[in-house]
Amino acid sequence: MAPGFKETIVGKSVLRKEGPEKVLGQSRYIDDIEMPEMWHGATVRTRIAHGRVKSITFPSHIPWDEFVVVTAADIPFENYIAHILKDHPCLVDKEIRHPEEPVVLLAHPDKQRLRAAVDAVEIEYEKLTGVFTIEDSERMDPVIWGADNTFKSYLMEKGDVDSVWADAAYIIEGEYRTGAQEQLYIENNGVIAEFSETDGVTVWGSMQCPYYVHHAMMDLFHLPEDKVRIVQVETGGAFGGKEDYPSVLSAHAALLARKAKRPIKMVYDRMEDLAATTKRHPSRTRHKTAVSKDGKLLGGEIEFAIDGGAYATLSAVVLSRGTIHAPGPYFWPAIRVKAKAMATNCPPHGAFRGFGAPQSIFALERHMDHIAKVVGLTPEELRRRNFIKTGQTTATGQTLQDKIDMNEILDQALTEADYHAKRKQFAKENPASAVKRGMGFACFFHGAGFTGSGERYLASIVGLEATAEGKLRVLVSSTEFGQGTNTILSQVAAEALRVEYDDVIVQRPDTNKVPNSGPTVASRTAMVVGKLVHSAALGMIKTLTESGLLREGYTREEFLAACAAHLQKHGALKVLSQYEAPPNIFWDDQTYRGDAYPAYAWAVYVAEAAVDTTTYFSEVKNFVAVQEVGRVLNPVLAKGQIEGGVAQGIGYAIYEKVIWKDGVMANNQMTNYIMATSADVPQIHVHFVEAPFEYGAYGAKGIGELPMDGPAPAILNAIEEATGIAFNECPLMPEDVFEAMTKTAHTEEQPVVTEPAFTGVGPR
Amino acid sequence: MAISFVVNGEKKTVDVPPMSRLLDVLRDDLHLTGTKEGCGEGECGSCSVLMNGELVNSCLVPALQAEGATICTIEGMSKNGEMSPIQKKFLECGAAQCGICTPGMVLAAHHLLQKYPSPTMEQIREGLAGNLCRCTGYQRIFEAVAECGKEQSELIATSGAK
Amino acid sequence: MRSNVSEYEMIAPRTLDAVLQTMAAKPGEYLPVAGGTEVMVMLGVGKLAAKKLVSLGAVKELRFIAERADTVTIGSGTTFTDIRKSALIAKEFPLLAQAAGWTGSIANQNRATLGGNMVNASPAADSPPALLAYGAEVEIVSARGARTLPYSEFHKGYKKTALAADELLRSITLPRRFAGYFQRSRKVGTRNAQAISKVAMAFVAKKDGDVVTEIAIGGASLREMPIRCAATERALLGKMLDAATIAAARVALAGEIAPIDDIRSTGKYRVQVIGNILEDFLKELAGS
């Protein structure tokens, strides 16, 4: 940065880049796009969870010659969708592993005619016993995947865990569970695909990761890179739900397009999207913790298991993030985390904001409150005695470089929430009140960017070019689906180039036009991709300076003139920048040791909850979210990210329940899968603590996933304070509160305290 | 069946089955794709339009029941690409993220502000409860609508003082 | 969209008479549609069995709120927004105004009608408990003539009503005699707005000292249809409002309801919560 130069664009709430089109209703989403000769596609699915297809019949009352029909026999090469493994078939041939497996694809010019045809196809089955829970899967009766129903397992160890139990004043156990959660983007999954023998496959669609789809299409059709073109169109929400599934839908549409020799649009309706596409992995976490008499964590054992559904998809990486986040923002002298992703006969579970971390953090932060109760400390004091500090080592052995003081964040959060006064007030008022109120909080961290060596493997590339129209165009495959990608990358480019925000435009992600800047996941866009945009900008300045077109201390007008001059002379001005890992960052995939993430975001969330003892209905009355996310690039967008994540977290805690019946989502309508309305979400108070991170764009770390981690445990901690009942599963529905409150004998099911419980002397 | 109504100030006649959803008529026949489908069962409000000045879910209106009606969609909220004050506030306050609920939300906000020029937070929460937003947690939307209300009431106050 | 709309016919007569003639010509052939908020959902999910529909949307004579000396009559085509806007209903029938505000969203309230809500006959519908508690009377018309019926005799079973195939609900009449009554209602839904009820109760009562002299209770989601809780009323009428009476009323209520387990809740929960709500109302009445 030039001396004396002041940042003017980064840190400002500039207007959302594509915002005007959005508020005017002019943005074109996939279902808004028509193409000449286009037909519509639909999917015939299995209706049993586990078994084999015996026969498929096409009854004669449907004029099948009007339709294009695709089955597994039409797949030109191998029948799989490329994710991490190749176990996920594109269309079921014989083996059925979940109730929403696609078997037949149909296309017709009139979309109204498709439904009757879909319903008419008769599939005869041989039924087999299904596996629907983690416990079913562990029993291996039957084995439905691999040798032992396990997609992936990890062992993460630090210190000598086996030696901690003998000296512990308390050994405290608990079991915690979380349910599936639907991403519930308001725009359903949809794509349009075209296939030509000469040009290959083109897909336009609602998606997060164009290059994931690109890879899947190359594999499915054995096409070279340049014969597959993927274009992301305006995307109406994703939250992880459009990370891997668009590869499936694109494969289906492309197979139909290939046979129909015309473009095919496939847009799911809400019922199909809810039933057939991915959701957050259900989980079970078991904690066993050794604690000293003064409330210090001596060591712990955590067993973390997630339900991956029928195919491996992204479960291994979801499990990885959940594993690394399981110990939370605390210092553990010794810890062992055993983690596994299990197969069941449910539709595959997938990415959803937080990606495994909300599950394991829910368990830990409920467990910390439980420990506090046993040890006789307040939830606050227990955490203060155990926060990890700069220079200490994490569970993966990473020496923490972040300048972090969790005590300060906790102080601020509790003050903003008026925690102490309200806690006192509620304790006094609750006995005489039908509505019980309580305060709860959760402390947590979230790693920014891909886990471990992920970013090294990705080796992302971004481009920046000058256009003939006098604009600077950012070239990335990073997608905008509401988070603000276009805006913050433009801010970074404008700031680095020292031009105006309006001088920068962002190329719509199109694999023919943009390099692979990696998937839009893992809270990596601002930190990693933003940094690459920054270095590309510096590269452009250097190019222009070295060619003598630009002086030091240039003005915006001089810069734009230099670009124009360069274009005139050379025809193009385009700079690429590729990822380089920050120095001293190492990760060992084999031992699961090292620097899990280059940086972490840190947070304390406080919830005020009220439980009505007439209706057993819980509500969140107030919410405070304080976080350290490095540099905030755009305060309004950043607040929006946190508020939106908190609202989803509130849903995860007390509203959003997927009701399973033998692997089928029984409540697959918006009327019956309940998300919070404007009448249900409390005021959400968002505060940022800024500690710029050297290797992120202008100091930015990740922000997108963080707010999903804290609400559920904070809310259930508040509900425990309100009711005195420890609920250890989310979502917590009124029916669950009713069951617990009306249980005649007060039996503490779990968590249990085992030997040598209470043998130590309490610290107070 | 020929069905006529006025959309965004223009008289339109379409030839559609009488039970066609108004949503599909607007999107497919009139190419007004600003109106979105989120759920198809009147739950999410993405397809909200104004019919005779009242907010309705266009996925639940049979075309025949729109015969003779005056309809306003998101395309009718702006004039020559100029944003309305509500649209401006949505943009400034960060009330639009992914944008898919935005057209319906803007119409619901418009309807609310017609009913209550200076709405309380309770009125805002109730008035928008039929429009689901998965991105924002509603806070930026509340702010946008509240600020519109504030400006409207200031406007009313100053014009009243004249 | 899971139906093919080209398979459906709809007509939209402008007069009630024309509607009744259509329904008389081939009873049961045409399904009347008011605001469409239920029928169109069924169409969307591919479950609308009736292929011929007669729209009531253009029949203006069904949309009114008429005030008489002793009664208020509401046309079946009156929307929930109309009801919420009525100062008369807000003042004299607050439980109905409250129920109108519970129904769906603002957009739904602008379209959905009181008559549609009643004829659709969902056990979870929002308006029936209040109408039952107020002792509403309904007027049913057909080409054959008109008849009136206490609303408590209108629902005949799960989604079954007293309407014959050629009959239409024309209006709902409420007696204007509840000034000074203790009136409460409560809905427990899946969330604060736009929710389908898990249980709901409307409660209208009068007492003399500590003795209950008049009582009417309507409930939703308690049985296969909206019900008036007659046994509970009997357990309370003429009784002192003490702990024993309240306990007996809870027992009576539990005995006359049969809520189900479904994807929205459990029967056990519903029994407990409706009992809690009744108890809350009774305690409040006792203290009033």
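This note goes through selected features of a predicted model, chain by chain.

1. Contact between chains A and C. The two chains meet through 25 residues of chain A and 24 residues of chain C. On the chain A side, helices α2 (114-120) and α19 (734-742) each supply at least two residues. Helix α19(A) gives the most, with four residues. Sorted by class, the chain A side holds twelve nonpolar, eight polar and five charged residues.

2. A helix pair in chain A. Helix α4 (residues 210-221) and helix α5 (residues 245-260) of chain A pack with their axes 9 Å apart and at an angle of about 45 degrees. The pair α4(A) and α5(A) is therefore oblique. The crossing of these two helices, α4(A) and α5(A), is right-handed. From α4(A), the residues in the contact are A:Tyr212, A:Val213, A:Ala216, A:Met217 and A:Leu220, and they meet A:Pro246, A:Ser247, A:Ser250, A:Ala251 and A:Ala254 of α5(A). Eight residues of this contact are nonpolar, two are polar and none is charged.

3. An enclosed strand in chain A. Strand β14 (residues 297-309) of chain A has 13 residues, and twelve of them are buried, so the strand is largely enclosed by the rest of the structure. A reader can count a residue as buried if 20 or more other C-beta atoms lie within 10 Å of its own.

4. The partners of that strand. Strands of a sheet pair through backbone hydrogen bonds, either parallel or antiparallel. Both senses occur here: β14(A) runs antiparallel to strand β13 (residues 283-291) of chain A, joined by nine bridges, and pairs in the parallel sense with strand β15 (residues 335-343) of chain A, over nine bridges.

5. A covered helix in chain B. Of the eight residues in helix α1 (residues 22-29) of chain B, six are buried, and the helix is mostly covered. These buried residues are B:Leu22, B:Leu23, B:Asp24, B:Val25, B:Leu26 and B:Arg27. Strand β2 (10-15) of chain B is included in what covers them. After α1(B) comes B:His31, which has a positive phi, near 55 degrees.

6. An open sheet in chain C. Five strands of chain C form an open sheet with antiparallel pairing, in the order β4-β5-β10-β6-β7. Strands β4 (65-67) and β7 (145-150) are at the edges, each pairing on one side only. On average, neighbouring strands of the sheet are turned by 20 degrees against each other, direction ignored. Strand β6 (residues 137-142) and β7(C) are paired antiparallel over six bridges, and C:Ser142 has C:Gly145 in β7(C) as its bridge partner. Helix α1 (residues 16-25) of chain C packs on the sheet and touches β6 and β10 (168-175); the direction of the helix makes about 70 degrees with that of β6(C).

7. One glycine in chain C. Is C:Gly219 buried or exposed? C:Gly219 counts as buried because it has 31 C-beta neighbours inside 10 Å. This glycine, C:Gly219, sits in strand β13 (residues 211-220) of chain C. Leaving out residues up to four places away in sequence, C:Gly219 touches C:Pro129, C:Ala200, C:Met201, C:Ile227, C:Cys229 and C:Ile274. Another glycine, C:Gly287, is 68 residues apart from C:Gly219 along the chain, and their C-alpha atoms are separated by 23 Å.

Definitions and conventions: Residues are numbered from 1 along each chain as its sequence is written. Chains are lettered from A and ligands numbered from 1 in the order in which they are written. This is a predicted model: local features need pLDDT of at least 70, side-chain atom pairs count only at pLDDT 80 or more; totals for chains, interfaces and linings use all residues. Two residues are in contact if their C-beta atoms, placed from the backbone, lie within 7 Å. Ala, Val, Leu, Ile, Met, Phe, Trp, Tyr, Cys and Pro count as nonpolar, Asp, Glu, Lys and Arg as charged, and the others, Gly among them, as polar. Axes are lines fitted to C-alpha atoms, for helices over the stretch in contact, and angles run from 0 to 180 degrees between N-to-C directions. Angles under 35 degrees count as roughly parallel, over 145 as roughly antiparallel, 65 to 115 as roughly perpendicular and the rest as oblique. A crossing is left-handed if the near helix is turned anticlockwise from the far one by less than a right angle, and right-handed if clockwise. Two strands pair if DSSP finds at least two bridges between them.
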